[in-house]
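Dear colleague,

Please find below the structure for your review. My notes on the contact between its parts follow directly after it.

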Amino acid sequence: MKIFENIYSVRAVDSEIREFHGYKTPIGTTYNAYLVIDDKITLIDFVKAPFANELLNDIQAIIGEKPIDYIICNHVEPDHSGALPEVVKSYPNAIVYGTAACEKELKAYYPDSTYDFKVVQNGDCLHTSHHTFRFLPMPMVHWPDSMSTYLEEEKILFSNDAFGQHIGTGEMFDTDLGLEKLLDRAGDYYANIVLPFGMQVQKVLEAAGAIDIKTICPSHGTIIKKFIPEIIEKYSDWSANKVKEDKVVIIFDTMWGTTRKLAQKLSDDYTQKGFHVEIINLSDYHYSYAMSRLLEAKYIFVGSPTLNNQMMPTVSAFLTYMQGLKPKNRVSLAFGSYGWSGESITKINDILTSCGFEMLDPIKTMWNY
Ligand code: FEO
């Protein structure tokens with residue numbers, strides 16, 4: 001689909017996918033690739049491997065029998081680079097541009113593929129007759145190889161994972177989606193993918209602040225034209241772990257209902273004090289949903305009954321996942337019921353403490369509440 005003069009989206013819409021390395025994607029996603037036509041033809045990013053033929057067909061429908069001259073690989077993770085083997089087979093003379101880490105990782109993933117590779121550094125440019133592609137590496141947003149590419153004349157930032165949204169319902173632009181849904185999906189994505197890399201995101205925002213951006217073309221979800229200030233402001237807040245002081249998220253699982261009663265009591269108490277409280281039962285919701293809901297919450301309360309001297313596996317999975325995503329600047333509390341030993345509360349408390357959270361006194365009750 002043509003999105004601007006001489007610039008096309010050749011994305012794949014994966015509306016069926018629900019599992020993304022442990023992260024549930026309830027409405028699917030897209031793998032965004034872009035084609036820029038000039039005296040030379042440049043492909044920016046690929047799609048996931050099962051969509052390689054769809055990508056090649058889309059490209060051929062636009063450029064016919066002309067070759068692709070340049071390929072910019074902003075990120076190696078296979079949701080983006082998976083189609084590389086098929087693309088370089090079809091366009092063997094294309095030169096691939098990426099960071100030094102990108103070259104190394106591509107070789108590891110696709111040892112049987114052959115292509116010319118040019119390593120780029122921060123600020124290097126690729127010129128075609130009417131276009132200048134400036135490379136802006138952004139290591140760890142999301143992998144060591146990650147890079148964004150700025151198309152100077154059009155003021156488009158091809159931001160790859162940054163500013164992405166897992167949304168596979170077909171909208172092309174942020175204006176088709178609306179601000180509320182854009183920020184909801186971008187927040188869900190940030191909480192589950194980008195959250196550990198706040199410092200690196202701040203560097204990206206600093207670099208982005210130095211350039212004039214009219215359009216952000218990420219590698220997942222919609223193209224952002226209208227709501228650039230709003231999403232940049234959100235990224236600034238999320239990367240600084242700026243939270244809502246009056247927001248409480250209570251995450252728990254229960255066996256015979258006592259821990260649920262404790263969760264409800266906590267909710268009632270904090271609601272009465274004027275807090276906005278959300279309760280999430282991990283039997284009903286996946287941990288990645290809980291992660292998304294706590295992105296802006298100052299207070300994270302976690303509860304489990306004791307089961308065979310442990311916490312419930314759902315709670316354990318949530319805590320393992322959250323530990324890896326490293327939210328900061330939070331106040332936390334462990335709670336739960338028990339029959340005779342009560343280890344779950346201590347174990348939850350220890351994990352939350354190891355996250356660096358300010359801890360409130362744990363709450364535990366025997367048998368019933
Ligand atoms: Fe969308 Fe880090 O891959």
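In these notes, a salt bridge is a side-chain nitrogen of Lys or Arg within 4 Å of a carboxyl oxygen of Asp or Glu. Please bear in mind that the model is predicted.

The protein chain is divided into two parts: domain 1 covers residues 2–239, and domain 2 covers residues 244–366. Taken over C-alpha atoms, the centres of domain 1 and domain 2 are separated by 36 Å. Domain 1 contributes 14 residues to the contact, and domain 2 contributes twelve residues.

The size of an interface is often given as the accessible area lost when the parts come together. Between domain 1 and domain 2, the buried area is about 1100 Å², with 55% given by carbon and sulfur atoms. On the side of domain 1, Asn 192, Leu 195 and Pro 196 lose the most area to domain 2, and together they account for 41% of what that side buries.

As to specific interactions, one salt bridge is found across the interface of domain 1 and domain 2. Lys 234 forms a salt bridge with Glu 296, and their closest N and O atoms are 2.9 Å apart. Seven residue pairs are in polar contact across the interface of the two domains.

The elements that give two or more residues to the side of domain 1 touching domain 2 are strand 5 (23–24), helix 6 (179–194) and helix 8 (228–239). Helix 6 supplies the largest share of that side, seven residues. By class, the side of domain 1 that touches domain 2 has seven nonpolar, three polar and four charged residues.

With kind regards

Key: Residues numbered from 1 in each chain as written. Predicted model: local features only at pLDDT ≥ 70, side-chain atom pairs only at ≥ 80, totals over all residues. Heavy atoms only, no water. Domains from an automatic or database assignment. Contact = heavy atoms within 4.5 Å. Buried area = accessible area lost by both parts, 1.4 Å probe. Polar contact = N/O pair within 3.5 Å; in protein donor to acceptor, adjacent residues only side chain to side chain. Helix = DSSP H or I, 4+ residues; strand = E, 2+ residues; numbered from the N terminus. Nonpolar A, V, L, I, M, F, W, Y, C, P; charged D, E, K, R; others polar.
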